[in-house]
Amino acid sequence: MFPSIKKINRALEKLDPDRIYVENMRYLLGTSNRIAKLVCDIAVRKGYFKKFYALECKNKHCGRIIGSWENISEIPQKVSCLTCEEDGENEAYFLTRELNIIPFYKYIKKSYKLA
Ligand SMILES: [Zn+2]
């Protein structure tokens with residue numbers, strides 16, 4: 001079942017508007033991953049959310065977000081993790097295709113309405 005607008009708005013109050021992950025949305029709505037993704041994708045279509053793609057550092061003890069892009073096609077083929085670079089890790093440069101791409105959303109409008 002699709003969550004009510006009230007429920008979605010309540011979830012949005014608890015989320016970081018600059019970094020909304022499907023997983024957080026799913027948890028707050030108490031729904032399935034598929035429905036949570038649908039809520040986010042409808043919000044994109046309606047102009048409430050903007051979708052971005054983040055790259056996650058491959059080093060196990062790091063796992064930080066290396067950077068984020070609006071389009072998959074804008075992501076360079078090689079990226080470096082500044083944190084790992086500063087920490088003097090052996091591996092700080094990665095091929096993008098070796099990394100996890102994590103979609104996330106930014107909330108760019110104040111209220112979520114489907115109508
Ligand atoms: Zn790193």
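**Before you start.** This is a predicted model: local features need pLDDT of at least 70, side-chain atom pairs count only at pLDDT 80 or more, and totals for chains, interfaces and linings use all residues. Residues are numbered from 1 along each chain as its sequence is written.

**Stop 1: the whole chain.** Show everything. You have four helices and five strands. These are DSSP runs, numbered from the N terminus: helices are H or I with at least four residues, strands E with at least two. Along the sequence the order is α-α-α-β-β-β-α-β-β. Along the principal axes, the C-alpha atoms fill a box of roughly 50 × 25 × 25 Å. Of the 115 residues, 17% are buried. Buried means 20 or more other C-beta atoms within 10 Å of the residue's own; exposed means 12 or fewer; partly exposed lies in between, with C-beta atoms placed from the backbone.

**Stop 2: helix α1.** Select residues 5–14. Which residues are buried here? Ile 8, Ala 11 and Leu 12. They span an arc of only 100 degrees around the axis, so they sit on the same side of α1. The arc is taken over the directions from the helix axis to the C-beta atoms. An α-helix has 3.6 residues a turn, so residues three or four places apart point the same way. Now look at the other side of α1: Lys 6, Glu 13 and Lys 14 are exposed there. The buried residues pack against α2, α3 and β5 (100–107).

**Stop 3: α1 on α2.** The axes of α1 and α2 are 9 Å apart, at an angle of about 125 degrees. Axes are lines fitted to C-alpha atoms, for helices over the stretch in contact, and angles run from 0 to 180 degrees between N-to-C directions. The pair is therefore oblique. Pick Lys 7, Ile 8, Ala 11 and Lys 14 in α1; they meet Met 25, Leu 28 and Leu 29 in α2. Contact means C-beta atoms, placed from the backbone, within 7 Å.

**Stop 4: α2 on α3.** Finally, select Val 22, Met 25, Arg 26 and Leu 29 in α2, which meet Asn 33, Ala 36, Lys 37, Val 39 and Cys 40 in α3.

Terms used:
Contact = placed C-beta atoms within 7 Å. Parallel < 35°, antiparallel > 145°, perpendicular 65-115°, else oblique.
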